[in-house]
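Take a look first, then work through each solution.

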Amino acid sequence: FISKYYMMRLFKQETGYTLGQYITQKRLLLARELILSGVPSTQVCFDCGFRDYSTFSRSYKKLFQESPRETLALS
């Protein structure tokens with residue numbers, strides 16, 4: 001019986017991430033696994049809950065320092 005805002009503050013204190021950042025990071029880690037397994041990056045984008053490819057690509061590049069297509073080329 002705690003407020004959602006209090007829970008969000010506790011989560012950030014314990015992990016260093018906001019809930020939104022944590023969820024996005026988990027989605028991107030899943031996306032990387034899917035890309036490395038051969039799933040097309042456009043399909044991965046939507047399967048991982050992103051609404052458009054440009055947002056997905058920008059977030060992916062920020063976390064992994066390479067675009068989804070560069071990851072695909074390495075696999």
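**Exercise 1.** How many residues does helix α1 have, and how far does it reach from its first C-alpha to its last?

*Solution.* Keep in mind that this is a predicted model. Helix α1 covers residues 4-15, which gives 12 residues. Next, the expected span uses 1.5 Å a residue and comes to 16 Å. The helix reaches 16 Å, close to that expectation.

**Exercise 2.** Work out how helices α2 and α4 are oriented to each other.

*Solution.* Start with the axes: those of α2 (residues 19-36) and α4 (residues 53-64) come within 10 Å and cross at roughly 90°. Angles from 65 to 115 degrees count as roughly perpendicular, so α2 and α4 are roughly perpendicular to each other. Now list who touches whom: α2 brings Q25, L28, L29, A31, R32 and I35, while α4 brings F56, S59, Y60, L63 and F64. Sorted by type, the contact has 8 nonpolar, 2 polar and 1 charged.

**Exercise 3.** Which residues form the aromatic cluster?

*Solution.* Look for F50, Y53, F56, Y60 and F64, which form one cluster. The count of aromatic pairs is 5. Finally, check F64 again: the charged end of R32 sits over its ring, 4.6 Å from the centre.

Conventions. Residues are numbered from 1 along each chain as its sequence is written. This is a predicted model: local features need pLDDT of at least 70, side-chain atom pairs count only at pLDDT 80 or more; totals for chains, interfaces and linings use all residues. Side-chain values use heavy atoms; hydrogens and water are left out. Rings of Phe, Tyr and Trp (its six-membered ring) pair if their centres lie within 6.5 Å; planes under 30 degrees apart count as stacked, over 60 as edge-to-face and the rest as tilted. A charge sits over a ring if NZ of Lys or CZ of Arg is within 6 Å of the ring centre and within 35 degrees of the ring normal. Helices (H or I, at least four residues) and strands (E, at least two) are DSSP runs, numbered from the N terminus. The expected span of a helix is 1.5 Å times one less than its number of residues. Axes are lines fitted to C-alpha atoms, for helices over the stretch in contact, and angles run from 0 to 180 degrees between N-to-C directions. Angles under 35 degrees count as roughly parallel, over 145 as roughly antiparallel, 65 to 115 as roughly perpendicular and the rest as oblique. Contact means heavy atoms within 4.5 Å. Ala, Val, Leu, Ile, Met, Phe, Trp, Tyr, Cys and Pro count as nonpolar, Asp, Glu, Lys and Arg as charged, and the others, Gly among them, as polar.
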